[in-house]
Amino acid sequence: MTDTGPAGSPQRVLVVTKGHPFEAEPFFAVFDDLGLDWRGVEHPEAAEVLNRAGTADVDALVMYDMPGITFTRSDPPATFELPSEAFRDGYRELLIEGRGLVFLHHAIASWPAWPQFARWLGGRFHYQPGSFAGTDWPDSGYVHEVTHTVEVLAPEHAVCAGVEPRFTITDELYLFPVAEGDVVPLLRSTHRFTDDGFYSADRAIRGTRNSREGWRHPPGSDLVGWVTNAENSPIVYLQFGDGPTTYADPTFRRLVGNAVDWVASDDAHRWARARNA
């Protein structure tokens, strides 16, 4: 990975957070250690930035946020907010302009009341039963601290450059729907994605962690990394990134650096525009 932008300078990266707890210091150390020229923004301030003008000075965005969800500690356990029309319009302008985006881990749960967002990203983690790609789904599943083997499906892709054909990582895994026919798969896990090995997200936010009592979910996708496009924007999704163990993992760091480089590249932008057309 090069981590360089125009004229050999470091890639200029906007890192977007808030909505899901995380350990900030070890997470942000990833971008420091990759040598990126990065700055951070949190929600709700991010609403003023996530548009064409607000991102004009960056080469790529890394989304480690989870906006649009408020956990109530009551019943219902979560409420979902549709972003304003102005925000939606600005976000679409950002995508039409072709800004490259890298989504990590829990960002797949963002904006559950905005169906188009999930279609752009290629999947949806549901904290509550919902729909995706015209199908109704139960709440999604999670399981922490799984040591699993990942297989590289596209070794020729720039996101996978320098990554071993099979590697082991310890991280949280999700059980959720992916539009496999609409995305380009990069990475798959050999873990078994069935509900008997995951726990209910709904029960967790109701106060009962690590429970699957009364919960059923269809078999889920084994994809843990893919690329797609939203309008003219190249997008990478990596399911990795739950906490400090993963942040420090050399393969995770290489994948993040590669993903930033790729979404900022001319090749990625040509690919996204052609795919959009």
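Which residues are exposed on the other side of H1? I opened the notebook with this one, and the answer is Glu 25 and Asp 33. The model I am reading is a predicted one.

**Entry: helix H1**

I looked up the buried residues of helix H1, which spans residues 24-33, and found Phe 27, Phe 28, Val 30 and Phe 31. These cover an arc of only 130 degrees around the axis, so they sit on the same side of H1. I noted the general rule beside this: an α-helix has 3.6 residues a turn, so residues three or four places apart point the same way.

I then asked what the buried residues of H1 pack against. The list holds strand S1 (12-18), strand S2 (37-42), strand S3 (60-65), strand S6 (100-104), helix H5 (244-247) and helix H6. Just after H1 I came to Gly 35, where phi is positive at about 75 degrees.

**Entry: aromatic rings**

I looked up aromatic pairs and found that the structure holds 29. One of them is the pair of Tyr 91 and Trp 120, which is stacked, with 6.3 Å centre to centre and 15 degrees between the planes. Tyr 91 belongs to helix H2 (residues 85-97) and Trp 120 to helix H3 (residues 115-121), so this pair ties together parts that are 29 residues apart in sequence. I checked the accessibility of both: Tyr 91 is buried at 3%, and Trp 120 is buried at 9%.

I also found a cluster linked by ring pairs, made of Phe 22, Phe 27, Phe 28, Phe 31, Trp 38, Tyr 64 and Tyr 247. Phe 27, Phe 28 and Phe 31 had already come up among the buried residues of H1.

**Entry: nonpolar cores**

I went to the largest nonpolar core, which has 45 residues. The residues with the most contacts inside this core are Phe 31, Leu 104, Phe 167, Leu 187, Val 236, Leu 238 and Phe 240. Helix H6 (residues 250-263) gives the largest share of the core, 7 residues. There is also a second, separate core of 41 residues, and Met 66, Ala 78, Leu 101 and Ile 205 are among its members.

I took Leu 104 for a closer look. Leaving out residues up to four places away in sequence, Leu 104 touches Phe 27, Val 62, Met 63, Tyr 64, Tyr 237, Leu 238, Phe 240, Phe 252 and Val 256.

**Entry: strands S9 and S10**

How many bridges join S9 to S10? I found 9, and the two strands run antiparallel. Strand S9 covers residues 141-152, and strand S10 covers residues 166-175. In S10, 7 of the 10 residues are buried, so the strand is largely enclosed by the rest of the structure.

In S9 I also stopped at Glu 145. Glu 145 has a positive phi of about 50 degrees although it is not a glycine. The residue is exposed, with a relative accessible area of 69%.

Beyond residues up to four places away in sequence, Asp 202 touches Pro 77, Tyr 127, Gln 128 and Asp 139.

I followed the chain to Ser 211, in the loop between helix H4 (201-205) and strand S13 (223-230). Ser 211 is buried, with a relative accessible area of 10%. The side chains of Ser 211 and Arg 203 are joined by a polar contact of 2.7 Å. With neighbours within four places in sequence set aside, Ser 211 is in contact with Tyr 199, Ser 200 and Arg 203.

I looked up cis peptide bonds. The bond from His 43 to Pro 44 is cis, with omega near 10 degrees, and Pro 44 is in the loop between S2 and S3. The bond from Asp 75 to Pro 76 is cis as well, with omega near 5 degrees. Pro 76 lies in the loop between strand S4 (69-71) and strand S5 (78-80).

Arg 73 is in the loop between S4 and S5 too. Its phi is near 60 degrees, a positive value in a residue other than glycine. Arg 73 is exposed, with a relative accessible area of 83%.

Definitions and conventions: Residues numbered from 1 in each chain as written. Predicted model: local features only at pLDDT ≥ 70, side-chain atom pairs only at ≥ 80, totals over all residues. Heavy atoms only, no water. Helix = DSSP H or I, 4+ residues; strand = E, 2+ residues; numbered from the N terminus. Buried < 20%, exposed > 50% of the residue type's maximum accessible area, 1.4 Å probe, protein only. Polar contact = N/O pair within 3.5 Å; in protein donor to acceptor, adjacent residues only side chain to side chain. Contact = heavy atoms within 4.5 Å. Pairing = 2+ DSSP bridges. Core = buried A, V, L, I, M, F, W, Y, C linked by side-chain atoms within 4.5 Å. Arc of directions from axis to C-beta. Phe/Tyr/Trp six-rings, centres within 6.5 Å; stacked < 30°, edge-to-face > 60°.
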